[in-house]
Amino acid sequence: MVIAMLIRAEFEKLEEIKYISHLELMTTFRRAFRRAKLPLAYSKGFNPHIQLALAQPLKVGMVGWKEYFDLQLNQEMEIKDFISLVNQELPPGLKINKAVSIAEDSKALMATINTARYIFSMVFKQENIAEEDLLNRFLAEEEIRVRRERVKKGDIEINIRPMIQRAQIIGPGKWLFQVESGSERNLRPEEISRALADFSPDVAYVPIVNIVREGLYVKVKEELYSPLDEKIVGR
Amino acid sequence: MKVTDKLDKLLYKVKNPVRYIGNEWNMVKKEWAEDKIKVALAFPDLYEIGMSHLGLKLLYHLLNEEEDIICERTYAPWLDMEALLREEGIPLFSLENKKAITEFDVFGFTLQYEMSYTNIINMLDLAGLPLYSKDRDETYPLVIGGGSIVFNPEPIAPFFDLFYIGEAENGIVDLVKKYQELKDRKFKKDEILLELNQTPGVYVPGLYEPVYDEEGRIKSINPKYPGVKKKISRQVVSNLDQAYYPTKMIMPYMDTVHDRAVIEIARGCTRGCRFCAAGISYRPVRERSKETIIRLADEILENTGYDEVSLTSLSTMDYSAVADLVKTMARRYEEDRISISLPSLRVDRFSVNLAREVQRVRKTGLTFAPEAGSQRLRDVINKGVQDEDLYDAVRAAFEEGWSTIKLYFMIGLPTENQEDIAGIVELAKKVLEIGEEVRKKSARSRKKIQVNISVSTFKPKPFTPFQWVEMCSKEEIEEKQEYLKDKLRGKGLSFSWNDPDLSLLEGVFARGDRRLARVLESAWRKGARFDGWGESFAIDIWEAAFRENQLEMAAYHRARDLEEILPWDHINMGVSKKFLKEEYKAALAGRLTEDCRQAGCTGCAICFELETKLELYRGDSNVN
């Protein structure tokens, strides 16, 4: 396999397409790339695959504003051509906003990204909730225990408090959570929903469709970087 | 609140919400404008089944080619989605503009399978339409039906305003426009239907009245008024090579059954298997030229980005230049890593070799359909396959590296006896033996050999030489299945079969009459939905529905008298009854009838009756 170029792209997955699954998203990209006639690099073997790697799956039903993939090409091309060619072939709700060429030996997306930010559109059971106070009391908890659902292995109870890096109210009923999201430790947004509903009788469980994944990040010390940032991809 | 806003907040609650969102690549979403004719095309089963159906896609794109027509799609909601729609008071809607069905002028169903009839009723109800044609005036959308089982539409006739009999691509646009014109001229519903019934291929069931005798046999089915045509003739596309074929084909996000570029290379089959309804109802054979097929494939691949092309037809291996076509395409698309798939293989070495040459990816297995276990019975059904053909084909397949073979048989065929059933076991075991033998000889270590035997139950179908025969009883079916379950055990063998209750019910509706509409309604009211899906099928609902309407299932399984009037006799399929009777006699005598494509006319009368002819591809070409 010839790899002439490795591209890292930032895309958005909006309302129109939020109900398609991770696998369906991969297929959608693959077909769009083929329609765009990109010089795709294929794996060797009987059943060659394109070399597309997506970052952490987005839950079905959730909108994502800054999502990422890496794609290998077997020929160099201009980044702006790449973006415009692919965008012409993407269905409504899916769009590439940025892309960079990265070093061939760059760390994989899944291994690089360690942080996610979610915006919750809260559902309150009462009017005139003192939101600031409520959030502060929530964050003041030393332990926030929720049930983690695990396929096959059976559910367990975990403490999610250490995985919440910070939270803040960015508008009426709009709560932003910055949490760990990576291959080592990963906090699922529905676990925050569950914890909030458990914590206060005034808060209803926030359904997936009320949550936006604002972005995925690489946290180095206390700084957040985009996976496309020079400091991360080194080019 | 608009459907869209409500949906957005609710869809996460259902399984596979992607079934209901639309927005697929190549979807045609036009601006919703007052002066356009709006057609909603419905597939009465799940989205992923409907999106695999070529006919519906063809009509969808064909209608949307017309500037003054807006054509949108809708599918049967799964049980969870139905509950949600009812709970929230959301009517059945189209995927494109998310409009309620009542905002359309025409509501068209494709009829593919008898067991989706309750879904049709359910969709009419979810759309907010009165179920019966007689209860809907011209302010409701015109409910029309077409498709491969429309040739006996009697059990669902009272729910429909009209059916289109045969291949619709020549007539559908005119029909829709004619309807709109009549509506614009303020015609009343009955006047509209009377007018439309004059269109070739259009069958307005309300204009015909079946009369039954005391035993429930049909005494007559006559037009209610003078001037109404006595018979409705099947419409056939002539010059398939030049016929419309969509190349900007809509493609689902969801992984559907046939999620690949599909090119219909030919229509019809003249092999003449006597159990097969499609074998008659799609005659004559018409082939597209190699040049056209390649042009269509180029365009579809370009417009979709698919990496697999399927060459489809009732019997792809019978295409006149199949080897040349397949090899040309394989070479042409190799560089773009596009593979060619052949949907059905003939039982012979030639088919296997061709599949090996083009199918880069070794799929899980190969399927062959000997249909019956003995030579005697295969002669009865006119399946021209010898044991040796099968052994030869599977040997080739094992040698080429396939390790799983699926064999497809039927039980309950006319004249079947114990030896025929034992023959299924014998064939299956012999195939396994051949596989083991090849595997042992092979130098490399190989996956173990697996033979899957799938046995369905024969149902007599209208317009076949077996339309008169009695259907096997439940006891007989179970006895045969038990025998096979017992004998087809062991390493390397697996056996699958159909629920006998479901097969028997399919048998009822396949040859049913109009009285069954009431049974369908009762069963639907009792909760029958998606009856073809094992998980939601409940026979007790159906038994109660039959009792409630004083009808018996068994009465529909009986042998029909050769001279009796059949519920579908007013539909002119083109085939002569005399031919079917002769074929029936030939079957009982174990006499074979050859393929008219090689042996010359066998007298089915279709070409003559429907003024059409075989269209076989003869040309050579240099397209590479």
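Two strands count as paired where DSSP finds at least two bridges between them. The legends below describe close-up views of a predicted model.

**View 1. Strands β8 and β9 of chain A form a hairpin.** Strand β8 (residues 164-171) and strand β9 (residues 174-180) of chain A run antiparallel to each other and pair over six bridges. Within this pairing, I164(A) stands opposite V179(A) of β9(A). Two residues lie between the strands, and G173(A) in the turn has a positive phi of about 75°. Is β8(A) buried or largely in the open? Of the eight residues of β8(A), the number buried is zero, so the strand lies largely in the open.

**View 2. Domain 1 and domain 2 of chain A touch each other.** The domain assignment divides chain A into domain 1 (5-110) and domain 2 (115-224). The C-alpha centres of the two domains are 28 Å apart. Domain 1 of chain A supplies 13 residues to the contact, and domain 2 of chain A supplies ten residues. On the domain 1 side, strand β3 (residues 63-73) of chain A provides the largest share, six residues. By class, this domain 1 side comprises seven nonpolar, three polar and three charged residues.

**View 3. Chain A as a whole provides the setting for its two domains.** The chain contains six helices and eleven strands. Its C-alpha trace spans about 55 × 35 × 35 Å along the principal axes. A compact globule of 235 residues would have a radius of gyration near 18 Å; the value for chain A is 20 Å, which agrees. Of the 235 residues of chain A, 34% count as buried. Among the contacts in chain A with a separation of 6 or more, 71% are between residues 24 or more positions apart.

**View 4. Chain A is in contact with chain B.** The contact involves 22 residues of chain A and 18 residues of chain B. On the side of chain A that touches chain B, twelve residues are nonpolar, four are polar and six are charged.

**View 5. N128(A) is a residue other than glycine with a positive phi.** Its phi is near 50°. Most residues other than glycine have a negative phi. N128(A) is placed in the loop between β5 (115-121) and α4 (131-140) of chain A.

View 6. N26(B) belongs to the loop between α1 (3-10) and β1 (37-43) of chain B. Because N26(B) has 16 C-beta neighbours inside 10 Å, it counts as partly exposed.

**View 7. A cis peptide bond joins R283(B) and P284(B).** The omega angle of this bond is about -5°. Most peptide bonds are trans. P284(B) is located in the loop between α8 (278-281) and β12 (286-287) of chain B.

**View 8. I263(B) is a member of the largest nonpolar core.** The core has 243 residues, and those touching the most other members are V39(B), L63(B), V176(B), I263(B) and A297(B). Helix α14 (residues 418-441) of chain B gives the most to this core, with eight residues. Which residues does I263(B) touch, not counting residues up to four places away in sequence? The residues are I293(B), L296(B), A297(B), I300(B), V309(B), L311(B) and T312(B).

**View 9. D137(B) lies in a loop of chain B.** This loop is between α5 (117-127) and β4 (142-146). D137(B) has 10 C-beta neighbours inside 10 Å, so it counts as exposed.

**View 10. Domain 1 and domain 2 of chain B are in contact.** The assignment gives domain 1 (3-233) and domain 2 (357-459 + 470-513) for chain B. Their C-alpha centres lie 38 Å apart. Eight residues of domain 1 of chain B meet six residues of domain 2 of chain B. The domain 1 side of this contact has five nonpolar, one polar and two charged residues.

Key:
Residues numbered from 1 in each chain as written. Chains lettered and ligands numbered in written order. Predicted model: local features only at pLDDT ≥ 70, side-chain atom pairs only at ≥ 80, totals over all residues. Contact = placed C-beta atoms within 7 Å. Nonpolar A, V, L, I, M, F, W, Y, C, P; charged D, E, K, R; others polar. Domains from an automatic or database assignment. Helix = DSSP H or I, 4+ residues; strand = E, 2+ residues; numbered from the N terminus. Rg over C-alpha atoms; globule rule 2.2 N^0.38 Å. Buried ≥ 20, exposed ≤ 12 C-beta atoms within 10 Å, placed from the backbone. Core = buried A, V, L, I, M, F, W, Y, C linked by C-beta atoms within 7 Å.
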